[in-house]
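Subject: Structure handover

Hello,

Please find the structure below. My notes on it follow.

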Amino acid sequence: MPNVYHIVVCGSIVPDPLQTLEPVESPAGPSLKNEMMLPAVLDPWASHALYEAAELVKKCPGSKVWLVSVAPKAKLQQVMMNIAQKVPFELVAVEGASSGFMEAAGTANALATAIDGIADLDKSRLLLFGGWESASRGAGAVMQMLGEKLHVTEQFQGVDVLEVGDDDQFLIKERIEGGSYQVNETSGCPVLLGWATGNLPEPKNNPQVGMLNMRTVMPALQRATKADITTGDVDYKSVSLPKQKRETRVEKNMSADAIADEIVTWLNE
Amino acid sequence: MSEKILCLITANTEGSLDKATLECLGLASKLKSDGSAELVVGCIGKEPAEGISNCGADKYLVVSGEAFEASRYSTDIVAAQALLESAGSTVVIAPSSSRIQRFISGLAARANGAVDTHVTGIDTEDGRLTATRWFYRQRIESKISRKEVRPWIMSVESGCAAAIELGDSVSWEAISDLEIATNTTVKTIEATSGGDQTIRPDSDLLFVAGAGWTKKQADNSVKADKAAALILDFINRRKASLGSSKSMVDLGSEGQAVLPFLTHLHQIGQTGATPRHLKGLATCCHGEEPHAVGWRFIKERRAINMDANCGWAHGKADVLYVADAFEVMEKVNEKL
């Protein structure tokens, strides 16, 4: 008899990685130039967490995935048009800033409140998923703080592998230094996993899944509660783009032998 | 500066300290000499065998014992909390190791403090601490301070401070009788590249293999096997650390021809690692921005690519060789 899990995936939106980012000052603290106009995607590591959650549901029938996201509602709606076609989930939306300059603790508080408010969530069956870091703040802070608020003390970060055995036995591989994995065994729920890339490809868009999800996505967006996410007590002394731009020497006509000589000399310097 | 600093470190099962830990102790020592009120070193795992008297700390605390030797959240956070409470510090600095990173933000939540991770510098300005860190995956740099919330907890990247010289052994004060509850057992450490170590964080050279290695070559054939042999030969001869672009590692999960030793752990860039090596050599990789942000801390950069107009040509590399990487790397291997 497969185990049944309630999987909550936390993930926000970030600017599309191909966009040029420029910091500007705003009354609420630093932000990105034309932030609301930048195309957005679901945070890459959170996306992996979502795909892994959906795969686990296939293996454990009766399980369910919630995607809890703190983001500006209009941008989240745009991102959902794409993500909703990937895998089945139920959206829990919270309207709030998703900027990388906002304080992690505020986001963790908003997520904890939203998760506490999920009516049919059984926390004794909870698997709390998210990215081990985000492509915005990039701190790896929110999930740990959220775990503390929800009293989840079996936490794992940089996860690439989760194998579920009988009786809630989990084998979890975490990334550590030197390209190695720390292999852990843990038992019982709740468990928190901050996913790295996992091992699944991005699912192809499935319009049927999209239509099914959108029936709950739009009401979830309408119901979204507001969270006051701020920069907290951070005093930003400076926020700038790195100035480093190199004068690239482009060599088009060197022979392979001459290039190799130059590279070996450089390597030996 | 009236901050009381706790330098939080971990020791491995042999009691030895790694480079990043010695650098963090060096940074803590500097902050003390800049005028911090007190410096306490707190160690989790095992009493270090190495003498660290040169950091000049006022006190050395340790949480040790079998339960604390394993690197896991549920026990490490109990140890860290006990060290913090015992030291009564207002600022915590720690190296950005995978072990520390796993619990340090949870520690901030327990201590009602604030946390900044992956910090690349800590300094004192007008009597206040400032920290430098990056946002949006190394695309925006910022210098910050914290006005009120304490403890201010920071993890510091390797390579940002001078390591202390090892000195005399110090007297460690043990904190014991901590209550722990864990369901987790650490089973083993597993290599990911079929036994060959290809990720070497301490190497001076990063070698990046891009997706071009497994594309059709000039003779219209795919030469993945030859590419794998050339790359591994180079990596092993030069003791370089191997990295890859996202598109390269994604090929594997899409069922296309791949280099068998590449995993997602090799991925450099926006959704991968941001390693710190003195030099970097990119091959068959276009140097697009999402990949190039992972090169932020690589000082000297060269690239080999058939496209003279690729991303590397636009100020991202010092030298771009427009050439066939198969031919060049074969020659390089011969000459090494």
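In chain A, residues 24 or more positions apart account for 77% of the contacts with a separation of 6 or more. Please keep in mind that this is a predicted model. The secondary structure of chain A comes to six helices and 15 strands, and its C-alpha trace spans about 65 × 45 × 40 Å along the principal axes. Of the 269 residues in chain A, 49% are buried.

Helix α4 of chain A (residues 142-149) is largely enclosed by the rest of the structure, because seven of its eight residues are buried. The buried ones are A:Val142, A:Met143, A:Gln144, A:Met145, A:Leu146, A:Gly147 and A:Glu148. Their cover includes, from chain A, β1 (6-10), α3 (104-116), β8 (126-131), β9 (155-164) and β12 (191-195). Chain B also takes part in that cover, through its own α4. Just after α4(A), A:His151 has a positive phi of about 60°.

On the contact between the chains: chain A puts in 74 residues and chain B 81 residues. On the chain B side, the element that gives the most is helix α4 of chain B (residues 98-110), with nine residues. By class, the residues on that side are 32 nonpolar, 25 polar and 24 charged.

Next, the cores. The largest nonpolar core has 135 residues, and A:Val9, B:Cys7 and B:Ile93 are those with the most contacts inside it. Helix α3 of chain B (residues 73-87) supplies the largest share of this core, eight residues. What does B:Ile93 touch, leaving aside its neighbours within four places in sequence? The residues in contact with B:Ile93 are B:Ile5, B:Cys7, B:Cys24, B:Leu27, B:Ala28, B:Ile122, B:Met154 and B:Val156. Another core, of 49 residues, lies apart from the largest one and includes A:Ile259, A:Ile263, B:Leu320 and B:Val328.

Chain B is divided into domain 1 (4-174) and domain 2 (205-335). Taken over C-alpha atoms, the centres of domain 1 and domain 2 of chain B are separated by 35 Å. Five residues of domain 1 of chain B are in contact with five residues of domain 2 of chain B. On the domain 1 side of this contact there are three polar and two charged residues, and no nonpolar ones.

Last, a detail of chain B. Strands β12 (residues 205-209) and β13 (residues 241-244) of chain B run parallel and are joined by four bridges. B:Ala209 stands opposite B:Ser244 in β13(B). Between β12(B) and β13(B) the chain passes through helix α5 of chain B (residues 224-238), and this β-α-β crossover is right-handed. In a regular strand, side chains alternate between the two faces of the sheet. In β13(B), B:Ser241 and B:Gly243 point one way and B:Leu242 and B:Ser244 the other, and all are buried.

Regards

Definitions and conventions: Residues are numbered from 1 along each chain as its sequence is written. Chains are lettered from A and ligands numbered from 1 in the order in which they are written. This is a predicted model: local features need pLDDT of at least 70, side-chain atom pairs count only at pLDDT 80 or more; totals for chains, interfaces and linings use all residues. Two residues are in contact if their C-beta atoms, placed from the backbone, lie within 7 Å. Helices (H or I, at least four residues) and strands (E, at least two) are DSSP runs, numbered from the N terminus. Ala, Val, Leu, Ile, Met, Phe, Trp, Tyr, Cys and Pro count as nonpolar, Asp, Glu, Lys and Arg as charged, and the others, Gly among them, as polar. A residue is buried if 20 or more other C-beta atoms lie within 10 Å of its own, exposed if 12 or fewer, and partly exposed in between; C-beta atoms are placed from the backbone. Two strands pair if DSSP finds at least two bridges between them. A crossover is right-handed if, with the strands pointing away from the viewer, the path from the first strand over the helix to the second runs clockwise. Domain bounds come from an automatic or database domain assignment. A nonpolar core is a set of buried Ala, Val, Leu, Ile, Met, Phe, Trp, Tyr and Cys residues joined through C-beta atoms within 7 Å.
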